[in-house]
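Please read these notes with the model open.

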Amino acid sequence: MLAIIVLALIVGFAVYQQDLVLAKGIYTIGVSPDAPPVEDKRFNIMQLDLENGLAALQDGTIDLYLWPGHVFATSAPRSQYATSALKQYLEEAELVRISQEYDIDSAFPLRVEVRELEVSKSRMSSRDTLSLSEIIDSSKPAVVSEGEPVPPGPVLPITSTPDTGNGAGEASNAAADKPEPGSQSSMTDQAVRDQLQNLGGTGGLPAFKAEFVSDEDIIVPSLMDPPTPLAQVILAFLYVIPLFFVSVFFTSSFMEEKTNRKLVILMSAPVTPLQVIFGKMLPYLGYAIVCIIGITLLLGGNVPLGLAIFIPVMLFIMAIYLMVALLYRTFKDQTFFSVLAVWVITAYLVAPAMFSGVSNLSYISPLTLAVQMYRGESFGVTEYLLSTMPMYLLFVIAVFLGTRMFNEEFLMGFRPLHRKISEAIALAINPNHLNLSVFFLSLCVIPLVFMVQLASIVMASNLPMPASLWALFAISVVVEEIAKSVGVAVLLKNGLVASRRALILLCFASALGFLLGEKLLLYLALSVVSQSMFMDALFSSGLLFAPLAMHFVATSVVCLATSRFGTRFYPLAIVAGSILHALYNLYVIGELF
Amino acid sequence: MRTFFTLVKRELKSIKREKTILLAILIQFLIASFSSVILVGVMSFYDPASIGQNTRVTLDVGVVGDTDGSFTQLLSQTGRFPISIYADAETAEQAFQEGQIDTVVYVPEPTEGVVEMKLILPTVDTEKTLILMVLNEPLKEYEDYLRALNGVELNYKGIEGKPHTNYEFLYSVIVPILMLFPAFIAGSIVVDTVSEEMENKTLDTLWSAPVSLNQVFGSKVFAAILAAILQCALWAVLLRFNNFSIANLGLVLLLSAIIAGMISFGAAIVALYFKDRERAQFVYSMTLVAVGGVAYFIEPSPFSLLTRLATNDHYVGLPQVMLYLIPLVLAAAAFTLVSRKLVLARA
């Protein structure tokens with residue numbers, strides 16, 4: 001078994017060394033014998049002279065024909081794509097050529113020195129909205145808050161004369177190293193040489209490097225690599241794979257004891273469910289922590305920081321797999337749900353991290369923090385809390401639910417999923433403290449609601465602009481209404497609500513719990529993702545009593561309707577509550593803008 | 001043969017009964033429909049330059065210097081930069097700090113030799129990145145202009161084509177993933193059903209039935225392959241809805257089915273050997289990773305063959321697909337030979 005793991009690692013390493021070209025041989029091109037060689041694995045090369053080459057192009061057996069200094073193509077889409085791909089290759093090849101044929105100052109005459117300058121605070125926040133809107137295509141005029149004095153910023157480090165050497169940068173440490181004016185150009189020459197080193201990597205994937213080009217002071221436009229965190233995201237993802245394996249083993253062992261009925265025996269033993277769950281989980285958590293430490297050491301990262309980032313990720317994955325193990329009975333179910341969980345978790349972790357440095361929304365995934373760690377950048381406590389808090393909480397909730405569900409009837413019963421979930425909720429509620437239970441239930445579903453709503457942002461951005469905003473709006477309202485009322489609805493179904501007055505009280509408890517959680521989250525979110533229209537739509541902000549009243553009224557409508565017409569009409573009741581909720585949100589947004 | 005198909009039907013029914021597979025497909029579909037946010041992110045992995053092209057952001061650029069106006073002209077050609085020209089650095093700085101402009105470019109006199117431009121960017125990381133990416137294209141053109149002043153000419157400047165990133169990404173990443181994923185699931189199903197049979201000892205009852213061992217397991221493999229083909233066909237239809245067609249669909253499906261068959265027979269052997277599900281699944285997935293890695297070096301590799309078939313490459317067709325029948329036949333033969341032995345070798 002170990003041999004297979006080693007083999008898999010070796011093969012993976014070999015593929016990685018061969019710099020994986022994904023679109024290997026996607027185009028077939030004809031190349032004239034005296035044209036420069038094309039060394040790009042995307043192209044299948046055929047040596048053809050001009051006459052045969054043009055004939056082959058006419059027949060469509062090649063996608064384009066390369067003749068020294070010229071590219072012949074047809075109007076067929078494939079040919080056009082091939083042309084564009086070849087253009088990308090040739091541009092780079094030409095840069096290599098001129099860097100060899102000419103001196104470096106003629107070949108790369110333009111050097112751009114990048115300086116950073118503080119902008120006043122209000123402007124920054126509105127620009128944040130813009131970078132967010134750039135992704136989701138909304139453009140909102142900047143809201144400039146007044147009363148904030150423009151800080152006496154540093155003198156703009158440029159002079160209006162073309163003389164560049166002196167005075168150019170007390171701020172720039174690079175320039176400070178070179179006091180005499182003449183050395184400036186030799187320093188930029190060095191930067192050009194460094195960046196030329198990176199050139200020549202051909203193919204689809206950019207070269208694997210830990211450095212981040214935009215951090216450099218000197219930019220040569222034709223040599224500038226766009227800053228994708230690819231390398232770092234891959235590094236971060238290296239952690240997730242072993243965590244998945246460990247979790248799958250945990251689920252499997254849990255399932256096995258479940259089917260063997262060993263768990264039933266454990267239930268009669270004098271141990272609490274919490275002890276059983278943690279007892280089963282701890283060895284796996286131990287493995288996972290060892291993995292995290294090992295990988296961090298291997299990659300040369302900071303171990304405490306690595307643990308701080310990946311322990312919540314580990315708990316998040318464990319929480320989901322614990323639920324899979326508790327809710328499902330057969331192996332086939334479990335396989336499918338494991339596959340599904342892998343997809344969902346991967347998407348949730350990796351997709352935002354790809355935007356690290358591009359959008360602040362990327363902080364919803366802890367992998368972004370890992371990316372920053374490996375880039376040598378720092379992040380604040382609020383960023384850490386925003387990305388990891390939901391994960392910690394989800395774990396606590398999962399374990400709590402696990403202890404509540406830990407009875408023979410629930411674990412062994414075959415029931416459809418929605419009934420299992422409603423039973424789980426019923427088990428989570430303490431019948432002696434209904435109001436308190438509902439309050440905490442509403443408080444605790446907040447991370448879940450947050451995750452669903454963030455996922456819905458991603459999904460909704462599929463749609464064209466006004467529609468996506470409306471869809472998002474609708475989804476978030478419905479999700480919130482369900483989250484608030486589901487506990488009460490389950491109580492209604494089980495006939496645990498004595499009177500209408502008790503029902504109203506429950507609704508109030510639920511609304512209060514939800515509001516508290518919402519405000520806590522909002523406080524965290526706003527400090528990272530600065531106020532944007534989407535956040536307003538999701539978590540209507542500002543007032544305190546109005547939203548409480550709104551949550552209370554909407555939830556009461558849902559619950560009263562459910563109590564009056566029965567749980568079969570629960571979906572309809574949700575719609576009614578959602579409409580009320582939506583009207584309120586619209587009103588608030590109307591007030592804000 | 002009839003008993004075989006009865007068994008296949010039974011297996012298919014049991015797969016269909018699992019509502020979870022529908023859910024799994026649905027989630028895959030949502031992910032595959034690739035909401036534009038994810039797609040932009042994934043594409044930026046594939047070709048980082050596409051971020052700059054995909055953004056529709058307009059930047060307010062402040063220009064200082066640029067005495068002959070050549071840089072300003074290049075900027076205005078793109079039509080996405082409202083330009084403000086400032087006489088000196090102080091006014092530009094003030095405008096920048098008041099937030100009237102996003103960036104300040106200082107352009108010295110264009111001369112022979114090195115020209116050192118200065119770019120003032122905000123300190124916020126996200127904005128810095130975005131501005132750099134969006135400004136890259138006009139800066140490159142200005143660089144070419146300066147190269148010409150130095151007597152350096154780049155060849156192949158005029159060629160244009162349709163942007164290839166999307167095309168390459170969809171055909172070389174999405175299509176192979178979608179066509180091979182069902183095959184991986186098929187193998188996983190086979191591991192589950194076979195090891196379940198072994199663990200629950202339900203085989204003992206089958207000994208007395210008038211079916212052979214290979215029929216029983218063969219029907220499981222066959223059902224898994226059928227499910228895989230169905231999923232692949234579903235993907236093809238969904239992609240078609242997104243205006244994205246797969247050429248040589250028949251051959252693409254055939255190749256996917258052959259690969260699903262290979263994987264399923266292999267999975268069945270693994271499951272029979274280990275007999276317990278957990279170890280079998282682990283070994284199965286590890287072997288899959290290893291085999292997939294090795295397969296990348298085969299010429300044409302299954303991934304690249306799928307890509308080339310789907311893009312209607314002139315040089316691949318039925319013969320290349322048929323080559324893959326060889327390992328399938330070998331896997332099937334190996335399975336029929338060892339299945340009985342493995343079942344009898346009870347742990």
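1. G62(B) sits opposite S84(B) of strand β2(B). Strands β1 (residues 61-65) and β2 (residues 83-86) of chain B run parallel and share 4 bridges. Strands pair here if DSSP finds at least two bridges between them. Strands are DSSP runs of E with at least two residues, helices are runs of H or I with at least four, and both are numbered from the N terminus.

2. On numbering and confidence: residues count from 1 along each chain as its sequence is written, while chains are lettered from A and ligands numbered from 1 in the order in which they are written. This is a predicted model, in which local features need pLDDT of at least 70, side-chain atom pairs count only at pLDDT 80 or more, and totals for chains, interfaces and linings use all residues.

3. Strand β1(B) also pairs with β3 (residues 103-107) of chain B, in parallel, through 5 bridges. There, G62(B) is bridged to V104(B). V61(B) is bridged to T103(B). As for burial, 5 of the 5 residues of β1(B) are buried. Buried means 20 or more other C-beta atoms within 10 Å of the residue's own, exposed means 12 or fewer, and partly exposed is in between; C-beta atoms are placed from the backbone.

4. Contact means C-beta atoms, placed from the backbone, within 7 Å.

5. Now the chain totals. Chain A has 23 helices and 6 strands; 41% of its 593 residues are buried. Chain B has 15 helices and 4 strands, with 47% of its 347 residues buried. Of the contacts in chain A with a separation of 6 or more, 65% join residues 24 or more positions apart. In chain B, 76% of contacts between residues at least 6 apart join residues at least 24 apart.

6. The largest nonpolar core holds 89 residues, and V313(A) and F316(A) are among those with the most contacts inside it. Such a core is a set of buried Ala, Val, Leu, Ile, Met, Phe, Trp, Tyr and Cys residues joined through C-beta atoms within 7 Å. Helix α11 (residues 303-327) of chain A gives the most, 17 residues. Domain 3 (228-414) and domain 4 (429-447 + 459-593) of chain A both contribute, so this core lies between them. The domain bounds come from an automatic or database domain assignment.

Methods. Two residues are in contact if their C-beta atoms, placed from the backbone, lie within 7 Å.
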